[in-house]
Amino acid sequence: WAGHLFKTKKETFDKLKMLQSRIMGDIEIAGHSSNKILFDEINQWHFHNNLAKKVRTPTVLIHGYAATSTAFFRSIPYLNRDIKDLYTIDLPGNGLSFKPSLDLEVSKPLPLKIENIDDGNEFQLPYVIDSAHHRYVLQKLLDYYVDRIEQWRLDNKLGKINVVAHSYGGYLSFNYALKYPANINTLGLIS
């Protein structure tokens with residue numbers, strides 16, 4: 001989304017990395033934090049507080065549509081007090097995570113044409129939409145994001161996790177819990 005602000009992709013990436021680092025670096029936490037991109041794909045922030053006693057299960061915060069891992073920056077100091085390992089990630093194609101490389105067979109959308117029926121209070125499309133194909137494409141996209149969350153969990157060598165997610169991240173996390181129920185300790189959906 002910020003690509004139009006800078007001349008090159010590298011310039012955009014570097015500027016966004018600097019902004020994220022500034023925002024997350026200003027957070028006062030117990031313990032320490034780290035930032036890395038796992039396997040050239042998912043950007044994550046990890047906040048580790050060895051003194052936290054209430055929540056020992058690793059907890060990941062997942063942002064909503066067109067947002068980044070910094071969406072939770074105001075909540076992190078409070079959560080970090082009680083959660084031993086707190087993570088926040090950039091979903092693929094958001095923030096510092098890389099765009100998904102998807103090979104989907106997607107037909108070119110038909111131009112929207114509407115025909116009026118009778119007195120003009122009703123309308124119809126003059127063609128049939130291949131809804132099965134559209135459902136297939138949407139399912140492939142959903143599977144991609146859900147599987148990236150699972151791959152992130154595996155890359156961090158985590159067992160069961162708590163997931164707290166907002167908006168579109170909540171939609172993905174709900175579907176993650178349906179697909180990988182054995183890997184979820186607690187699921188919290190916000191808005």
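This briefing describes the strands, cores, salt bridges and one surface patch of the structure above. The model is a predicted one, and its largest nonpolar core has 21 residues. A second, separate core has nine residues, and the count of salt bridges comes to five.

**Strands and their pairing**

- Strand β1 (residues 32–38) and strand β2 (residues 42–48) run antiparallel and are joined by seven bridges, with Ser 34 standing opposite His 46 in β2.
- Three residues lie between the strands in the hairpin of β1 and β2, where Phe 39 takes a positive phi near 45 degrees.
- Strand β2 also pairs with β4 in the antiparallel sense, over six bridges, and here His 48 stands opposite Asp 85 in β4.
- Strand β2 is mostly covered, as seven of its seven residues are buried; on one side these are Ile 42, Gln 44, His 46 and His 48, and on the other they are Asn 43, Trp 45 and Phe 47.
- Elsewhere, β3 and β7 pair in the parallel sense over four bridges, and the bridge partner of Thr 59 in β7 is Asn 162.
- Strand β7 is joined to strand β8 (residues 184–190) by six bridges, and these two strands run parallel; the bridge partner of Ala 165 in β8 is Leu 189.

**Nonpolar cores**

- Within the largest nonpolar core, the residues with the most contacts are Val 60, Ile 62, Ile 89, Leu 91, Trp 152, Ile 161 and Val 163.
- The elements that give two or more residues to this core are β3 (59–62), β4, α3 (131–155), β7 (161–166) and α4 (168–179), and α3 gives the most, with six residues.
- The second, separate core includes Trp 45, Phe 47, Leu 61 and Leu 86 among its nine residues.
- Leaving aside neighbours within four places in sequence, Val 163 is in contact with Val 60, Ile 62, Ser 173, Ile 184, Thr 186, Leu 187 and Gly 188.

**Salt bridges**

- Side chains of opposite charge can pair when their charged atoms come close.
- Lys 10 forms a salt bridge with Asp 14, with the closest N and O atoms 2.7 Å apart, and both residues lie in helix α1 (residues 9–25), four residues apart, which is about one turn of the helix.
- Lys 10 counts as exposed because its relative accessibility is 58%, whereas Asp 14, at 35%, counts as partly exposed.
- Arg 148 and Glu 41 meet through their side chains in a salt bridge of 3.5 Å, N to O, and this pair links distant parts of the chain, since Arg 148 is in helix α3 and Glu 41 is in the loop between β1 and β2, 107 residues apart.
- Glu 41 counts as partly exposed, at 21% relative accessibility.
- Lys 179 forms a salt bridge with Asp 143, the closest N and O atoms being 3.9 Å apart; Lys 179 lies in helix α4 and Asp 143 in helix α3, 36 residues apart.
- Both ends of this pair count as partly exposed, with Lys 179 at 39% relative accessibility and Asp 143 at 24%.

**A nonpolar patch on the surface**

- Leu 112, Ile 114, Phe 123, Leu 125 and Ile 129 form a nonpolar patch on the surface, and together they have about 510 Å² of accessible area.
- Leu 112 lies in the loop between β4 (85–90) and β5 (115–117), and Leu 112 counts as exposed because its relative accessible area is 67%, where exposed means over 50%.

Definitions and conventions. Residues are numbered from 1 along each chain as its sequence is written. This is a predicted model: local features need pLDDT of at least 70, side-chain atom pairs count only at pLDDT 80 or more; totals for chains, interfaces and linings use all residues. Side-chain values use heavy atoms; hydrogens and water are left out. Patches are made of residues with over 30% relative accessible area and no salt bridge: like charges are joined within 9 Å, nonpolar side chains (Val, Leu, Ile, Met, Phe, Trp, Tyr) within 5 Å. Accessible areas come from the Shrake-Rupley method with a 1.4 Å probe; for residues, only the protein chains shown count as cover. A salt bridge is a side-chain nitrogen of Lys or Arg within 4 Å of a carboxyl oxygen of Asp or Glu. Buried means under 20% relative accessible area, exposed over 50%, partly exposed in between (1.4 Å probe, protein chains only). A nonpolar core is a set of buried Ala, Val, Leu, Ile, Met, Phe, Trp, Tyr and Cys residues joined through side-chain atoms within 4.5 Å. Contact means heavy atoms within 4.5 Å. Two strands pair if DSSP finds at least two bridges between them.
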